[in-house]
Amino acid sequence: MAHPTQLGFQDAASPVMEELLHFHDHALMIVFLISTLVLYIIVAMVSTKLTNKYILDSQEIEIVWTVLPAVILILIALPSLRILYLMDEINDPHLTIKAMGHQWYWSYEYTDYENLGFDSYMIPTQDLNPGQFRLLEADHRMVVPMESPIRVLVSAEDVLHSWAVPSLGVKMDAVPGRLNQTAFIASRPGVFYGQCSEICGANHSFMPIVVEAVPLEHFENWSSLMLEDA
């Protein structure tokens, strides 16, 4: 999860998020190079009184500054399109979970099971245990098996919400009357935090998302206990 004074993204916990981080570094390096070149040209033009008549009217330079930006745009667009298709690809998910946004909490339904669903409310500050995070902990976590494709169907009961977990590279709008879907693979065990990323009302800041990725055996034990309690 994020921590104070952090400048970069959260550590990637899914293959898609790793690709997003690589693309971010790739694009940022191109931006740095362009900014450095433009700054150098500005300083050179301001600091010298000399002019070059061949630069003022040069067909070759016009060709370069037309072709070079096109090449740079291609170098940015191709990796971006590749990641867009990767994020949209949902092949044979091992588990499907429906996440419904409410004012102001999330409810989860494991559609592969007959009667497995629960509401997930934020734990109030006064009820937190030592080591738990304020405004991020929920009384019921969305437990998923690690290293398995998980499909999440996202919708809302009342107003617009957005189901987002940054470390998993997932952000999907929850629209009333519409069923959106996204997918992720948790590449390692852990607890990953997110929040509603749509301004949904007065308590928008108080509907956290907690995804806990566990080994498959632990997930089966958890689901058995939840079904027994139901």
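Start at the interface of domain 1 and domain 2, where 3 residue pairs are in polar contact, both partners at pLDDT 80 or more. The model is predicted. Salt bridges across this interface number 0. On the side of domain 1 that touches domain 2, the residues split into 5 nonpolar, 1 polar and no charged.

**Colour the two domains.** Select 13-48 together with 57-86 for domain 1, then 93-227 for domain 2; these are the bounds in the domain assignment of the chain. The contact draws 6 residues from domain 1 and 9 residues from domain 2.

**Stay with the buried area.** Domain 1 and domain 2 bury about 540 Å² between them. Carbon and sulfur atoms account for 55% of that area. Which three residues of domain 1 supply more of its buried area than any other three? Select Ala13, Ser14 and Met17: they give 74% of what domain 1 buries against domain 2.

**Select 1-91.** UniProt, in an unreviewed entry, labels this stretch "domain: Cytochrome oxidase subunit II transmembrane region profile". In the model, residues 1-91 are 74% helix and 0% strand. The end C-alpha atoms of this stretch are 28 Å apart.

**Go to Thr5.** Thr5 lies in the segment before α1 (15-47). Check its backbone: phi is positive, about 65°, although Thr5 is not a glycine.

Residues 27-51 are 84% helix and 0% strand, with end C-alpha atoms 34 Å apart. Residues 63-85 are 100% helix and 0% strand, and here the end C-alpha atoms are 33 Å apart.

**Show the side chains of Glu19 and Arg82.** They meet in a salt bridge, 2.9 Å from N to O. How many residues apart are the two partners in the chain? Glu19 belongs to helix α1 and Arg82 to helix α3 (residues 59-88), 63 residues apart, so the pair links distant parts of the chain. Side chains of opposite charge can pair when their charged atoms come close. A search of the whole structure finds 4 salt bridges.

**Select 92-225.** Here the unreviewed UniProt entry places "domain: Cytochrome oxidase subunit II copper A binding". The span is 7% helix and 45% strand. Its end C-alpha atoms lie 26 Å apart.

**Finish at Gln103 and Trp104.** Is the peptide bond that joins them cis or trans? The bond is cis, with omega about 0°. Trp104 is found in the loop between β1 (95-102) and β2 (105-110).

Technical notes. Residues numbered from 1 in each chain as written. Predicted model: local features only at pLDDT ≥ 70, side-chain atom pairs only at ≥ 80, totals over all residues. Heavy atoms only, no water. Domains from an automatic or database assignment. Contact = heavy atoms within 4.5 Å. Buried area = accessible area lost by both parts, 1.4 Å probe. Polar contact = N/O pair within 3.5 Å; in protein donor to acceptor, adjacent residues only side chain to side chain. Nonpolar A, V, L, I, M, F, W, Y, C, P; charged D, E, K, R; others polar. UniProt positions renumbered as here; feature names shortened; annotations may be inferred. Helix = DSSP H or I, 4+ residues; strand = E, 2+ residues; numbered from the N terminus.
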